[in-house]
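Reader: Hi, I'm new to this one. Could you show me the sequence and the model, then walk me through it?
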Amino acid sequence: MSTDILDAPGTAEELLQPRNTPGRRVHDLLHRLPALSPLIVLVVAAIVFGIANPRFAAPENLSIVLQQAAVVGSLAVGQTLIILTAGIDLSIGAVVVLATLVMAKLAHDSGVPGFLAFLIGFLIAVLAALLNGWLVTRLKLPPFIVTLGTLSIFTALTLIYAQGQTLTLDPGGFLTFTGTTIAVGRFHLTVGVLLMLVLYLGFAYALRQTAWGRHLYATGDDPEAARLAGIRTGRVLLSAYVVAGAVVGISAWILLGRIQGADPNAGINLNLESITAVVIGGTSLFGGRGAVVGSLIGALIVQVFDNGLALVGVDPNYQVLAVGVLVIAAVAADQWIRSVKS
Amino acid sequence: MTQAVLEARGLVKTFGHVVGLAGVDLTLYPGEVLAIIGDNGAGKSTLIKCLSGALRPDAGEMVLDGTPVSFSSTQEARDAGIETVYQTLAVAPALDIASNLFLAREVRRRGILGTVFRMLDTSGMRKQAKQHIDDLGISTLQNINQAVETLSGGQRQAVAVARAAAFGGKVVILDEPTAALGVRESGQVLKLVRDLRARGLGVILISHNMPNVFEVADRIQIQRLGRSAGVITPTSHTPAEAVAIMTGATTIDQVRDAHQTTPTG
Ligand SMILES: Nc1ncnc2c1ncn2[C@@H]1O[C@H](COP(=O)(O)OP(=O)(O)OP(=O)(O)O)[C@@H](O)[C@H]1O
Ligand SMILES: [Mg+2]
């Protein structure tokens, strides 16, 4: 009895310190490393599939997984930037397809040099993002509604522009260069895969090591507090949209290399797939929390399930189901991580 | 008399039909603590937000160190030497203490890493943040790398106060900085306010805590219904009289008349 009293926290100082229960420690760890839980899911899934079918772990197969993740993975970089600002971009898939069509059509139909065609398509992706960003920051419209609208607009523009045409590009040109494979031992990486990895490295750096990154997190977390602290939140938000647009432009190049052409119907699922990757990767839909590397892990998880379940011989519909479960689990985990006073 | 460090004349701020400020004057001298008291909704926060660039007044003028100023952002006010602790604290919850101290005034690395690659000097900022917090004698903040949202309300307040105190050049404004603090921590903030005054800064302190106000303030401006009801000093009036003026039970003139007819003090 007397020891109880002695052990009880006495001073205010001690009461201010968070208690060190195991749950608390896990909570703190996930709080600091939002990409940790998706990483564990990815590793466990890979091990399970590897045991169930050794072909899964073969470098050739893992290369395919990476190649399949390249387009969604690179788009997810842009989506992460938007979601970190507590926004969402439902139009990202439509814009990437529009950009691929512009690039491919200019090169294919009008004989514009590949690099110039790329630049024009890239610029269109940036302008599309600028429109979204302008509507969100200047007219103060909710990003969900803005991009729901521009999703329809860009999809329609794509279909009108394509006239039902699917374009196949000659291999060896600039536009399909991202599809070039590079053998690293038994791995077959494409230029597109490497480009995606470079995007992740670059943005992991920009978000963690530059003031712009910190301001993006602060603005997404609590825009009014960020403004009062002296951050020009309008500028930060707009810059996030524009930079995400540039990422979409690069993703369009990766998509051209992947399908060796342009298809107006290629991007139907890219909007939601990029959001799925970001959410599974542990970035909070409420903004201000998450790490860009998580989105790469999220994109890989989706592909690993897709590929692994097929190899194990499971009905592919279970993959869709599994992704759904993961999304809900990720959002629930985020909710728990955000609840600080547990 | 010395020149005022900050002077505001006829500040007006309305929110639609709600009148936040209906023409308020304010004078702050260097090396003094000016307390602002008033009921909830009296316009105290609106007043200091106009001074700190967080709100743009509809009318009125401001003079800082003899030069007319008008701020279109808090950053401009900070650059001019006005630091503010807002009632809502304005901290970034997910960022750590050091990052919050240097929020919007980040320090980059020297050389090409900083100029071309825009890399932040994270360890340098941490060291400086630790130094600032130690200098300010804020003992509640132990781990500079802790995310602010994992801190208690009082600790968060300490972060906001530390940020303003560390970088205040001419004026430090504190909007209810002790609201979430215990007795000991409140005492620390009051000591800090005195230290800032001793450094020659002008300090504006908003507080509902009359004992604190009468302990630390040189002059007390009483806000009532978006107007200034007058400026008193801790020796000219009692806390009870201040509260009476604040709530409209009496006016500053009536109190002065009463003092003159019955000179008891
Ligand atoms: N952004 C705003 N929009 C609309 N009305 C506002 C806004 N900010 C303040 N007001 C109104 O202006 C008036 C003054 O508010 P203010 O916050 O300045 O009061 P205060 O003296 O700081 O009160 P408290 O002691 O509660 O902090 C109130 O009537 C308030 O409702
Ligand atoms: Mg207030």
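Predicted model: local features only at pLDDT ≥ 70, side-chain atom pairs only at ≥ 80, totals over all residues.

Reader: Okay. Which backbone oxygen does the side chain of Thr147(A) reach?
Author: That of Pro143(A), at 2.8 Å. Thr147(A) sits in helix H8 of chain A, residues 143-162 (helices are DSSP runs of H or I, at least four residues, strands runs of E, at least two, numbered from the N terminus).

Reader: Is Thr147(A) buried or exposed?
Author: Buried, with a relative accessible area of 0% (buried is under 20%, exposed over 50%, partly exposed in between, using a 1.4 Å probe and protein chains only).

Reader: And what does Thr147(A) touch?
Author: Leaving out residues up to four places away in sequence, Thr147(A) touches Ile88(A), Asp89(A), Leu90(A), Ser91(A) and Asn132(A). Contact here means heavy atoms within 4.5 Å.

Reader: Where is Thr176(A) found?
Author: In chain A, in the loop between strand S1 (167-168) and strand S2 (181-184). Thr176(A) is buried too, at 4% relative accessible area, and its side chain reaches the backbone oxygen of Asp170(A) at 3.5 Å. Among the residues that Thr176(A) touches are Leu169(A), Leu256(A) and Gln260(A).

Reader: What about Thr233(A), where does that lie?
Author: Thr233(A) is in helix H12 of chain A, residues 233-259. Its relative accessible area is 15%, so it counts as buried. Its contacts, not counting residues up to four places away in sequence, are Thr219(A), Pro223(A), Ala226(A) and Arg227(A).

Reader: New topic: ligand 1. How far does a polar side-chain atom of Lys44(B) lie from an oxygen atom of ligand 1?
Author: The distance for Lys44(B) is 2.7 Å. Thr46(B) also has a polar side-chain atom by a ligand 1 oxygen, at 2.5 Å, and for His208(B) the distance is 3.0 Å.

Reader: Which residues coordinate the magnesium ion?
Author: Ser45(B) through OG and Gln87(B) through OE1 coordinate the magnesium ion, ligand 2, at 1.9 to 2.1 Å. Ser45(B) is in helix H1 of chain B, while Gln87(B) is 42 residues away in the loop between strand S6 (82-85) and helix H3 (97-101) of chain B. Donors are N, O and S atoms within 2.8 Å of the metal (3.2 Å for Na, K and Ca), and water is not among the atoms, so sites may look incomplete.

Reader: How exposed is Gln87(B)?
Author: Partly, with a relative accessible area of 41%.

Reader: Last one: what is phi for Ala104(B)?
Author: About 70°, a positive value although Ala104(B) is not a glycine. Most residues other than glycine have a negative phi. Ala104(B) is buried at 11%, in the loop between H3 and helix H4 (111-115) of chain B. Leu225(B) has a positive phi as well, near 50°, and is exposed, at 64% relative accessibility.

Methods: Residues numbered from 1 in each chain as written. Chains lettered and ligands numbered in written order. Heavy atoms only, no water. Polar contact = N/O pair within 3.5 Å; in protein donor to acceptor, adjacent residues only side chain to side chain.
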